[in-house]
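Try each task before reading its solution.

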Amino acid sequence: MEDAPRLSSTVSPEENGPGTCDSSWTEDGLVDAFRDLATLPVELEERRPTCLRCRRPQKVCLCPFLPPQPLEVSTCLYVVQHPAEESRVLRTVPLLAACLPPGKCNVIVGRRFSEEKHPDLAALCRDSRTLILYPGPSSQNLEELVKYQEVGAVKHNIIIIDGTWNQAKSMFLKNSLFHLPKQVQLNRTLCSQYVIRTQPSNICLSTLECAAVALSILEQNDAIQEVLLRPLRALCSFQLDHGAQVHHSKEHLLKNGMYDKPMPKNKRKIKRMEKLVTDHNICPR
Ligand SMILES: [Zn+2]
């Protein structure tokens, strides 16, 4: 790729600066303007022509990595997203949605959900076919659950909470609606492999990786996972080619003996770090 298009998140402020640079601007004013630009949460090429299928700017369209036809799945995916995650992950959810038939990948943004304000979500939670992906002592291994089911016999709905570990925990504990569906967990590990940090926007794929794994288990088809992760990986390698850095999670560093910071003295912190290494149910992050 010689004339590779660049993501605005990797373009330096000078290249992306205001086109109407006024000579009366003081240097401080310019610095401030650049600082403001650097904090913009959304990529700027929003205004450029956008591909209708993958919702990416046409120059960085990821359609070649999408399946020619949407995957036939009977499962309905619901990503319940903490508002803080919206700007970080939203741009990857359309990629996932583009691999699936219309209506099979839904995003609900919020922190608190009630029966009165969210009747559709409440109905979904009461549906006996609905599962919620959240690890814990009372959650069942998803693979075990579908083991004796005929493929496609049950059209499951699966809810995935998208946020940092603490956000997801708080969302799960404080929303009684989320205690209604059967609680399941993934015992396969795949999450956190492709964590990439770009400036100024962060993209973290682990929730979407969980979604891909969960769907392939529910549909009893391992190929689904590969197909769903292809465009996400392409997005990652694109970001990497354009200056993003790989940030391994603390868990990855600890597990692989690459953690080079002094271990904390605080017992609670040590315990938490031990949990990272031993806890395989790392979805949601
Ligand atoms: Zn496209």
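Predicted model: local features only at pLDDT ≥ 70, side-chain atom pairs only at ≥ 80, totals over all residues.

**Exercise 1. Find where confidence is highest and where it is lowest in the protein.**

Step 1: Begin with the overall picture. The average pLDDT is 73, and 59% of the residues score at least 70.

Step 2: Go through the elements. Helix H5 (residues 119-126) has the highest confidence, at a mean of 97, while helix H1 (residues 13-16) has the lowest, at 36.

Step 3: Look at residues 191-204, where pLDDT is below 50; the model gives this stretch 54 contacts beyond near neighbours in sequence.

Step 4: Do likewise for residues 278-285. Here pLDDT stays under 50, and there are 26 contacts beyond four places in sequence.

**Exercise 2. Work out which element gives the most to the largest nonpolar core.**

Step 1: Locate the core. It has 50 residues, and those with the most contacts inside it include Leu 96, Ile 160 and Ala 211.

Step 2: List the contributors. Among the elements supplying at least two residues each are strand E1 (76-81), helix H4 (93-99) and helix H8 (206-218).

Step 3: Pick the main one: H8 gives the most, with nine residues.

Step 4: Zoom in on Ala 211. Leaving out residues up to four places away in sequence, Ala 211 touches Leu 77, Val 79, Leu 96 and Ile 160.

**Exercise 3. Decide whether Gly 163 is buried or exposed.**

Step 1: Gly 163 sits in the loop between strand E5 (157-162) and helix H7 (165-174).

Step 2: Count neighbours. Gly 163 is buried because 23 other C-beta atoms lie within 10 Å, and the cut-off is 20 or more.

Step 3: Gln 81 is 82 residues away in sequence, yet the two C-alpha atoms are separated by 6.4 Å.

How values were computed
Residues numbered from 1 in each chain as written. Helix = DSSP H or I, 4+ residues; strand = E, 2+ residues; numbered from the N terminus. Buried ≥ 20, exposed ≤ 12 C-beta atoms within 10 Å, placed from the backbone. pLDDT = per-residue confidence, 0-100. Contact = placed C-beta atoms within 7 Å. Core = buried A, V, L, I, M, F, W, Y, C linked by C-beta atoms within 7 Å.
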